[in-house]
Amino acid sequence: MSDTATAATHDDHAHHDHKPTGWKRWVYSTNHKDIGTMYITLAVISAILGMGASMAIRLELAVPGIQFITDTQFYNVLVTAHGFLMVFFVVMPTLIGGFGNWFIPLMIGTPDMAFPRMNNISFWLLAGGFILLVLSGFVQGGAGTGWTVYPPLSNADYHPTPAVDFAILSLHLAGASSILGAINFITTIINMRAPGMTFHRMPLFIWASLITAFLLLLAIPVLAGALTMLLTDRNFGTTFFDPSGGGDPIFWQHLFWFFGHPEVYIMIVPAFGVVSQVVSTFSKKPIFGYLGMAYAMASIGVVGFVVWAHHMFTVGFNVETRIYFVLATMVIAVPTGIKIFSWLATMWGGSIEFKTPMLYAMGFIFLFVVGGVTGITLANAGVDIAFHDTYFVIAHFHYVLSIATIYGIFCGMFYWLPKMCGNMYDETLGQWQFWITFIGVNVLFFPQHFLGMAGMPRRIPDYPDAYAGWNLVSSIGGAISLVGALLFLYILWKTIVSGEKAPANPWGEGATTLEWTVDSPAPFHTHEQIPEIPEEEHGEKVYVSPGAK
Amino acid sequence: MRPKEEGMTKYRQIVSRLFYTVLLAAAWLQTGPSFAQSGPQPWQMNFRPSATPVMDDIVEFHNLLLVIEVLIVLFVLGLMVYICVKFNAKANPIPSKTTHNAFLEVVWTVIPIIILIVITVPSVKLLVFMDKAPKEKVEMTLKVIGHQWYWSYEYPDAGNLAFDSNIIPDEEIDVSKGQIRLLEVDNRIAIPVDTTIRVIMTSEDVLHNWAVPAFGIKMDTVPGRINESWIRVPAARAGVYRGQCSELCGVNHGYMPIVIEAKSKQDFAKWLDKAKKEFANEASPTKVVQKDTIVR
């Protein structure tokens with residue numbers, strides 16, 4: 001509307017790259033690339049806060065005794081804020097809002113998302129959620145409930161201040177943002193693929209985004225319902241989760257984890273997609289077992305909905321229930337195995353260039369296996385009794401989330417940075433950044449397996465002196481990781497400000513997807529002429545859409 | 001809240017704790033863990049010594065899992081190292097175009113399924129075994145109630161014996177008596193050895209979790225619900241066992257430990273007599289404790 005009006009007043013119609021300027025370009029943005037950039041910017045800000053919280057935690061836990069955080073409620077608030085920030089405002093905005101917005105239209109060959117205005121509100125709802133979450137930390141004591149917000153601790157008797165209400169409303173906004181985003185992604189991917197790009201020829205990142213969007217669409221409403229019940233429990237005297245009124249705290253856990261388990265796949269599946277693109281590009285080979293890869297992700301998504309109670313093995317289920325959830329959970333290892341081995345087979349016979357994105361992809365594969373096998377341990381309710389709520393669990397989910405997912409993010413950032421900002425990052429610095437992070441996160445999280453086996457509980461601000469050794473090692477690892485994170489911020493800044501100009505396709509023959517056919521940085525409007533995807537190449541059917549040659 | 005200390009004292013405290021930790025580590029490396037000191041040990045990398053048949057089975061099953069998992073990780077690592085050496089751009093300038101191998105794809109689907117079945121059998125056995133003690137075998141019941149932020153215990157088979165168990169604050173810990181900071185309570189509970197004990201648990205306010213690693217017990221205490229588990233400590237493993245609350249329960253979540261003495265039947269009877277006298281005035285199984293509702 002206003003776009004056409006502005007366009008008419010300009011006379012440079014030949015130049016197809018005009019765009020709104022100033023704050024309007026961003027606040028009113030309906031451009032998928034600008035919205036993607038805003039998502040990533042928000043994620044970087046949240047990541048600084050979230051990592052600040054984790055560094056404060058590691059600093060406190062470096063030696064036994066209460067050191068710096070003399071208020072244990074504040075410690076619980078830090079633990080909670082770290083979880084919320086990282087899950088809802090770092091991982092999801094980068095992998096889904098950021099990479100998804102930027103590269104879904106570019107990779108499927110369409111000018112923009114299906115609903116550009118909904119895309120805009122989807123981002124700004126998330127920004128609102130972020131502000132509410134930060135505010136909740138400043139409201140009378142904050143929300144010290146853990147990111148799981150288990151009642152009764154989170155109900156009005158034990159957290160009487162509005163801090164928890166702020167957190168709940170923050171998640172409501174973030175959830176609404178995700179649902180709108182998911183609708184947009186699904187519509188775009190199903191309807192707006194370039195001619196010739198059938199479902200079975202979509203790049204795996206598109207498959208991953210489509211599956212993630214469906215998971216969001218089905219899981220987030222359950223969270224929204226549960227949060228609303230908690231909100232009315234807290235403020236309007238309902239007793240959904242209060243046994244004194246016939247409710248049940250375990251009911252919350254069922255609802256929360258019915259959302260919460262798909263949520264972990266919401267965070268990891270897009271990373272699967274990124275890693276698949278990168279492994280294929282730098283091995284200069286098409287993905288091995290493309291269909292198996294796509295349907296492995298889909299089946300992980302489906303099975304991910306029926307395993308939620310493995311987060312609740314200690315609530316007192318009868319034995320049959322636990323047996324079911326043990327079996328269902330372990331089934332997920334099969335499609336996960338298919339993915340791991342297909343990535344290895346993609347590299348097998350390849351001509352691999354170990355650029356930074358590829359290092360991160362390989363780091364992702366290996367460390368995801370390390371985190372995955374401890375998942376098998378935890379899936380078995382019998383041994384889970386020894387590990388539930390100990391540092392072993394922390395080690396497990398940080399290997400798959402803090403390491404694997406964040407590696408997926410770094411991997412995608414280094415891979416697509418030339419396309420997003422038009423400049424190449426410094427390869428030497430990138431490799432340094434990878435190795436510092438690799439050492440840092442392993443020193444940080446591996447010793448936590450030992451702490452968990454020895455029985456150290458999660459979410460405690462002080463621990464018996466015997467746990468001091470590995471905690472100190474872990475904190476040192478935290479400091480190394482911090483160096484890696486700061487170096488990444490420096491690389492990001494340096495690339496944007498003074499990086500070498502990147503060609504349209506900096507990665508060579510292996511980069512066959514459509515985003516490499518447009519200039520770097522991608523112009524404001526792309527794919528104004530819809531690309532055609534050839535039916536065959538090299539005499540055989542191609543699965544991943546071919547592009548720049 | 002604990003009082004704020006002077007900066008200098010705090011620094012000295014940190015240094016002395018580190019020093020103490022190193023000493024303990026050196027001692028442990030020479031002697032190994034013992035039942036007399038069954039809390040966590042410095043630089044421990046494994047489970048605490050098991051005290052019950054359930055924990056024995058957990059350890060045994062975990063050993064199986066650990067071997068399988070380490071082999072999987074090493075296998076993947078080996079493949080990756082081989083790939084890095086053989087298929088880097090220098091060693092292999094022309095990439096192959098292979099994208100399918102039906103046999104391989106079936107293999108890496110079927111083998112994991114077989115491994116999972118191998119894991120499932122002992123896993124289900126363990127679950128059934130640890131679930132509940134058969135009714136006819138139960139010789140005694142221990143009732144555990146979680147509160148913000150202490151545990152209370154009741155012995156329904158011993159009249160109305162009931163008492164609270166609070167943490168001993170850091171200032172009052174006497175290391176020379178073998179007391180362990182954060183793992184010491186004013187009133188320890190005792191259980192007899194060679195006795196099948198049913199433990200029933202609930203909570204009076206928020207969720208807590210009654211966890212004793214050496215017993216293989218970790219069970220949420222849930223307001224409005226009763227959960228059940230069981231303990232049987234063989235005579236040879238009499239000793240002191242410790243645990244901590246394992247479900248975030250608020251400000252003092254880190255400060256509600258569990259200390260249990262597993263005693264011979266005679267010693268337990270003596271302890272029971274003494275405890276009955278000591279807690280005669282407190283005893284009341286239907287005791288109502290005021291809620292501590294304020295967060296700060």
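Helices (H or I, at least four residues) and strands (E, at least two) are DSSP runs, numbered from the N terminus. In this predicted model, chain B has four helices and 10 strands.

## Chain B

The order of these elements along the sequence of chain B is α-α-α-β-β-β-β-β-β-β-β-β-β-α. Chain B has 296 residues, and 49% of them count as buried. Take the contacts in chain B between residues at least 6 apart in sequence: 66% of them join residues at least 24 apart.

The peptide bond between Gln148(B) and Trp149(B) is cis, with omega about -5°.

## Nonpolar cores

The largest nonpolar core has 195 residues. The residues with the most contacts inside this core are Phe88(A), Leu344(A), Phe364(A), Ile365(A) and Trp416(A). Apart from this core lies another, of 43 residues, and among them are Tyr158(A), Trp149(B), Val193(B) and Trp210(B). Trp149(B) therefore has a place in the core of 43 residues and counts as buried, because a nonpolar core is a set of buried residues.

Which residues does Ile365(A) touch, not counting residues up to four places away in sequence? In chain A they are Val275(A), Val279(A), Ile340(A), Trp343(A), Leu344(A) and Met347(A), and in chain B there is Met80(B).

## Helix H4 of chain A and its partners

Helix H4 (residues 72-108) of chain A packs with helix H6 (residues 163-191) of chain A; the axes come within 11 Å and cross at roughly 20°. Angles under 35 degrees count as roughly parallel, so H4(A) is roughly parallel to H6(A). The crossing of H4(A) past H6(A) is left-handed.

On the H4(A) side, the contact with H6(A) is made by Phe84(A), Phe88(A), Phe89(A), Met92(A), Ile96(A), Gly100(A), Asn101(A), Ile104(A) and Ile108(A). On the H6(A) side, the residues are Ala167(A), Ser170(A), Leu171(A), Ala174(A), Ser178(A), Phe185(A), Thr188(A) and Ile189(A). By class, the residues of this contact are 12 nonpolar, five polar and no charged.

H4(A) also packs with H5(A), at an angle of about 165° and with the axes 11 Å apart. The crossing of H4(A) and H5(A) is left-handed.

H4(A) contributes Phe84(A), Leu85(A), Phe88(A), Phe89(A), Pro93(A) and Asn101(A) to the contact with H5(A). H5(A) contributes Asn119(A), Leu126(A), Gly129(A), Phe130(A) and Leu133(A). The contact of H4(A) with H5(A) has eight nonpolar, three polar and no charged residues. Phe88(A), one of the residues with the most contacts inside the largest nonpolar core, takes part in the contact with H6(A) and in the contact with H5(A).

## Backbone details in chain A

The loop between helix H5 (116-136) and H6 of chain A contains Pro152(A). A cis peptide bond joins Pro151(A) to Pro152(A), with omega about 0°. Val149(A) is found in the loop between H5 and H6 of chain A. Phi of Val149(A) is near 50°, which is a positive value in a residue other than glycine.

Arg459(A), another residue with a positive phi, has a value near 55°. Arg459(A) sits in the loop between helix H15 (427-454) and helix H16 (468-498) of chain A.

Is each residue in the table buried or exposed? Each counts as buried, because buried means under 20% relative accessible area.

| Residue | Relative accessibility |
|---|---|
| Gly273(A) | 0% |
| Val149(A) | 5% |
| Arg459(A) | 7% |
| Thr374(A) | 8% |

Gly273(A) lies in helix H8 (residues 249-283) of chain A. Beyond its neighbours within four places in sequence, Gly273(A) is in contact with Leu204(A), Phe205(A) and Ala208(A). Gly273(A) and Pro203(A) are 70 residues apart in sequence, and their C-alpha atoms are 8.4 Å apart.

Thr374(A) is part of helix H12 (residues 356-379) of chain A. With neighbours within four places in sequence left aside, Thr374(A) is in contact with Phe392(A), His396(A), His449(A) and Glu69(B). Thr374(A) and Ala485(A) are 111 residues apart in sequence and 26 Å apart in space, C-alpha to C-alpha.

Technical notes
Residues numbered from 1 in each chain as written. Chains lettered and ligands numbered in written order. Predicted model: local features only at pLDDT ≥ 70, side-chain atom pairs only at ≥ 80, totals over all residues. Heavy atoms only, no water. Core = buried A, V, L, I, M, F, W, Y, C linked by side-chain atoms within 4.5 Å. Buried < 20%, exposed > 50% of the residue type's maximum accessible area, 1.4 Å probe, protein only. Contact = heavy atoms within 4.5 Å. Axes fitted to C-alpha atoms, helices over the stretch in contact; angles between N-to-C directions. Parallel < 35°, antiparallel > 145°, perpendicular 65-115°, else oblique. Left-handed = near helix turned anticlockwise from the far one by under 90°. Nonpolar A, V, L, I, M, F, W, Y, C, P; charged D, E, K, R; others polar.
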